[in-house]
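Trainee: I have just opened this entry. Could we go through it together?
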Amino acid sequence: NEIKIFSPATVANVACGFDVLGFCLDNIGDEMLIRKTNKKGIFITKIEGFDLPMDAELNVAGVSALAMYEALNVDYGFEIEICKNIKPGSGIGSSAASAVGSVFGMNELLGKPFSKTQLTEFAIKGEALASKCEHADNLAPAIFGGFTLVKSVSPLEILEIPSPDDLYVTIIHPQIEIKTSEARAILPKEVSLQSAITQWANFGSLIHGLHTSNYELISKSLHDVIIEPHRSKLIPYYNEVKMEALKTGALGCGISGSGPSIFSLSKGLENAKNVEDAIKNVYSKADIKFDTYRSRINTEGIKII
Ligand code: HSE
C-alpha cells in the first residue's frame, strides 16, 4: 500500500531546444514515498531537505497529484512524503521531479491505469505552479528517461530520442537561486528571423547527431543564440565557465534549464572529469560557492526503489 520512488533531476533546453528538449540525470534526484490512505484526498505528510509548502494545493507534487486524483473515482486518498535532494531554483528540474514523483507513485499503486504521456499531462499542472507556464521539457525526460522532445504540449506529444552510449554530463551549480518564472520574464517576446534560422538548424542537427551517435555533429550543434544571451547575465562567471569547459574538451556547454546550473556534455568519463576540474577552478578562484555533479544519461527515468 505504499511505494518508494527515485525521481531524477533533468536538464531542460539543452542549448538550442528551449522548452522542447531535455535529458535525464542518473545520480541526483528526490526520494518520495506515496501511500494509500483511507481518508479521501491528497495529503503531503512530510517534506525533508527544503522548506516547501505542505498544503497540497500550494505544493508542486500536490497539485499534480490532485490533477490525477480528480480523474479518478476512488474512495480512498494518498499521502505523499518528499525527501528533497534537488535544490529548488537550481535549474536541474527540481519542481519537475516533485511533479512527476507523486503521479508516478500513485499510478503504480493504482495498477498503472495511465500512460507515461498521461502522467506527464497531470504533472504539467504541478510544474505550472512553479514556472507560471505549462512546459514539459523537464517532466518528459524524468518520466521517459533519456532525451525527450516535446513535439507539442496541447495535445501533448512526446518523442523519445536515442542517446549515444559515451555521453557524460557535468553540472556546476553556483549557489544562487533563479526562479524559472523570473528567468522567463526577461526573455524577449520576439526573435529575429536570422536567429531563428540558426537555432532551428542547430536543433535539427543536434537531433540528427543524437540519432547517429555523431559526437562531432552534437558538438557543432550545441549553441543557443536566442536564450543564452539574456539568461547568461544572471549567472556569475558564465562565459568563463563555458570557455573553460570548451577549452578542456567538452562537446558543448550551456545553461541548464533556466539556470543557474550550467551543463556540459563530454564524450567519455575522462573528458567529463577534466571538464569538471576546469570549471570548478573558475568558481574556486572567484570565491563562489558551488556544487558539481557528474552523471551519465539516465535512460530509465523515474523508478521504484
Ligand atoms: N524550458 C524551461 C525554461 C525549463 O527554460 O524556462 C525551466 O524549467
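Mentor: The shell around the ligand consists of 3 nonpolar, 7 polar and 3 charged residues; Ala, Val, Leu, Ile, Met, Phe, Trp, Tyr, Cys and Pro count as nonpolar, Asp, Glu, Lys and Arg as charged, and the others, Gly among them, as polar. The model is predicted: local features need pLDDT of at least 70, side-chain atom pairs count only at pLDDT 80 or more, and totals for chains, interfaces and linings use all residues. Residues are numbered from 1 along each chain as its sequence is written.

Trainee: Which residues are the closest to the ligand?
Mentor: Ala12, Asp19, Thr180, Gly257 and Ser258 are the closest of the 13 residues that surround the ligand. A residue counts as near a molecule if its C-beta atom, placed from the backbone, lies within 6 Å of it.

Trainee: And which helix gives the largest share of that shell?
Mentor: Helix H5 (residues 180–185) does, with 3 residues. Helices (H or I, at least four residues) and strands (E, at least two) are DSSP runs, numbered from the N terminus.

Trainee: Turning to strands, how do E5 and E6 pair?
Mentor: E5 and strand E6 (residues 156–161) are antiparallel, with 6 bridges; strands pair if DSSP finds at least two bridges between them. Ser152 has Glu157 in E6 as its bridge partner, and 2 residues separate the two strands of this hairpin.

Trainee: What about E2 and E5?
Mentor: Strand E2 (residues 21–37) also pairs with E5 (residues 147–153) in the antiparallel sense, over 3 bridges. There, Leu21 is opposite Leu149 in E5.
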